[in-house]
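Okay, let's get going, I'll keep this short. Have a look at the structure first, and then I'll talk you through it.

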Amino acid sequence: MSFQKVLAIIVVSLRLVTLGNAERHLRLEEVQEDSYPFITEILAPDAVEMAVSEAARLVAVTHKGKNAGQISIFSLDKTGGLTGTEPISLVLPKRGELAKHANYALGVTFHPSLPLLYVWQDVTLPGDADAGTFEHLLIFRIADGKAELVQACGKGSDYSVGHKVGYIAVDRKATRLFFPNLQRKSNDKQLNGIGYFKLGWDGLVLAVAGTAADDFVAQRETEYPVFIAPDKTGGFVPVADDVIIFAGAAGPVSWDLVEARQRFAMYSIYPVARKNRRIAAHPTLPVVYMSFTLCEEANCVHPIYVIRLKHAEGFLTSNFQFTSVYGPLAPPVVLGRRQMVAYGGKGQVHFISIDKKGDFLPEIRRAKVGKTEITALSYSEEFDKLYVAVEKDE
Amino acid sequence: MKQHRLILILVFTLLASSVLSGRTFELTDENCVRIAVIASDAPRLSWAGLHGRSGYTTNVLALYNTDSRKTAFLIAFPLDHIPDDKRITSATLSMYCVLWGQDKPRVEVRRIIGDWGDGVCHLYRRTHPEKVKWTKPGATGIGTDRARRATGLVQLSEELGEFSLNVTEDVELWYWRGVPNNGWIVTLETKGEARFYSPTHEPGTWKLDVTYEPR
C-alpha cells in the first residue's frame, strides 16, 4: 500500500471520529432517470406564469413580449391530459381612459371550485400619466370554450403600476384573494403593501371590499417597505384559514389576519437581500419552500438557495434546511405525490427529492424539456401531472 | 521513507490519544432542529425574535423582560454524537450578545422539562401534530415546564461579545442519567432587554462545547 493511500485512510478515519458541525448546506447528487411520464408539455410561446384548475379542468398561461396582453387557456380531459382542442386566447380588455396603453397580465389563479379565472394585470404608462382609473383585477368566467369578463375592480391611487412581477392567490375557503403592489405615501416616503379582497360565495369580490380604501384596512400595519419590495417578492401561500405566508425580503413572512399583536412575523435568513424571492407550499404537509437568487438574469452564474421551513397552522417554526441549485429563476412547484420540488431551468426541469416529512433528500434529477428557459409550470395533485409550457412542439 | 514513517507514527499517535483520552466537540445552533423564540405578546409565534414597527423579525434574537413583553429563547442541542459509556468532563454553553438596554441584565439558563417541538409558542409546547399546552404560559411552570433550579446565570458586562456558562451537570444528566434532553430556556432574570446574534440570520453563534473521556 502506498504512503498516499495510508495517509488517505488515516484522514478519512480522523474525519469519521471527529464530531464537528453537521453540514448545513445539503449537497445534491445527480440521479439519472430515463423518463418522466408525468410531464405534460404545453405549447405556449413566451410563457411567464401558469395556473391549473382541477375542478374546471383548465390550465391558464400568461405571456410576455408581443403576446403579453393575452392569456392562453387550455382544456383538460378527465385524466388531466390535454384535450387537443384549440386553446382559448383571452385578450385582456382595454377599458376606460387608459385603453390606448399596453396592459399585461402579472398573475393568474383559479377559484378552487368554480370556473373562475382571476387575473392581476398591470399597465405601462408614461411618467406623468394618472393610473387611477386602471382596474388591476379582472375576473373571467370560463365556460363553453369562452372567457367572459364578470368583474373588474382594484383601481385608484393605492395601486402602483409598471411592475414585472405580481402574484395572486385565493385562500383554501375561497374567501379572500391576496394581491401585491399596493402603495401609500407617508411623510413623502413610499410605502409598499399587499392586501386582499374578500370574496363572496360566487367567487366575486364583495362590493364593499372592492374599494381602494378598504384594501388598506386589511394591511395598514404593513408599512414596512423591507417586508414587501415590488418585483422581488414572489407570492402568497394561504396555508391556513387565518394565517398566510408570503415571500418577504429576507425570508418567509407569516401574516396573521386575526391577531393584531402577532400580525407579521418575518423569518429572516442569511444571506439576505436576495432577488427573485419565490415561495410555494406543500399541498398536504405543513412545509413551505422558498428560493432566493443573487441576480435576476436567466444566465445568473450564482446558485439559487432553496430553503425548507415548517409551519404550524401558518406560524413558521423550527430550524430551516437548505440546499442550492444552479440556474432556475421560476417559483418552486411542489409535487406532493411524487415527493419532489420542481424548478424550471433552461431547457430542463430540476427535481429535488423530498422525504415523507417534506425534508430535502440529497438527490436531484433533471428532465430535458424544450430548449428555452422554463418559467411556467404547475402541478396537479389530483391528476399527478406536471404541466410545463414550452416554446415549440419538440 | 524515514520521513513518511515518522509522519504516520505522529498521526497514529494523535488519533489514538484523541480516542483513548476523550474528546471535545462543538455543536452550534445549526445542528439544532428544536429552536424557538417565544414571547408573551405574540402568543402563537415560534419565532418572535425582534419586535419592530410592523411585527417580528428573526434578524436579531431579542430577549425582553418588561411589563408588556417577556421573551424566552429555547434551544435543544442533539447529544446523540456522544458514544456510549463515556464520562462528561465539561460542557459549556456560549452565546454572543450584541446589545443591551440601559441596565445590564442577567441572563438565566434553565433546563426545559416538558417535551416541546413544532409550533412551540408562548401558549403551547407544541401544536403539531396536536396541541399541548405548557403548564403555565411561556413555559414558566417551575418544576413542570422548566427546572426548579437554574443551571446558571450570566451577568452581561461592559464588553459585548461571547458569554459562556458551565452546563456540565445538565449534559451529564441528559447523557448518563437518562433524563430527556429538552434543552434549555434562556430568559432575562432582571428587567431589561438584551440582543444576541440570531440562529437564523447569524447561524453558528449559539454553541455547546462538550468534552468527554472513557468512563
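**Cysteines, strands and cores**

So, cysteines to begin with: searching the whole structure turns up zero disulfides over all chains, where a disulfide is a pair of cysteine sulfur atoms within 2.5 Å. Before I go on, the ground rules: this is a predicted model, local features need pLDDT of at least 70, side-chain atom pairs count only at pLDDT 80 or more, and totals for chains, interfaces and linings use all residues. Residues are numbered from 1 along each chain as its sequence is written, chains are lettered from A and ligands numbered from 1 in the order in which they are written, and side-chain values use heavy atoms, with hydrogens and water left out.

Now chain A. What does its secondary structure come to? Two helices and 27 strands, where helices (H or I, at least four residues) and strands (E, at least two) are DSSP runs, numbered from the N terminus. Chain A has 394 residues, and 57% of them count as buried.

Of its 12 residues, 11 are buried, so the rest of the structure largely encloses it. Which strands does it pair with? By pairing I mean that DSSP finds at least two bridges between two strands. One partner is β21(A), residues 303-312, antiparallel over nine bridges, with A:Ile304 bridging to A:Val325.

Elsewhere in chain A, four strands make an open antiparallel sheet, in the order β4-β5-β6-β7. Its edge strands are β4 (47-53) and β7 (88-91), each pairing on one side only. β4(A) and β5(A), residues 58-63, pair over five antiparallel bridges, and A:Val52 stands opposite A:Val59.

On to the cores. In soluble globular proteins, nonpolar side chains tend to be buried together. By a nonpolar core I mean a set of buried Ala, Val, Leu, Ile, Met, Phe, Trp, Tyr and Cys residues joined through side-chain atoms within 4.5 Å. The largest one has 53 residues, and those touching the most other members include B:Phe73, B:Trp184 and B:Phe196. Strand β7 of chain B, residues 86-100, gives the most to this core, with six residues. A second, separate core has 20 residues, among them A:Tyr104 and A:Cys153.

Last, confidence. Chain A has a mean pLDDT of 84, and 83% of its residues reach 70 or more; pLDDT is the predictor's confidence in each residue, from 0 to 100. Over residues 8-23 of chain A, though, pLDDT stays under 50, and over residues 212-226 of chain A it is below 50 as well. Where pLDDT is low, the predicted coordinates should not be read in detail.

Notes
Buried < 20%, exposed > 50% of the residue type's maximum accessible area, 1.4 Å probe, protein only. Contact = heavy atoms within 4.5 Å.
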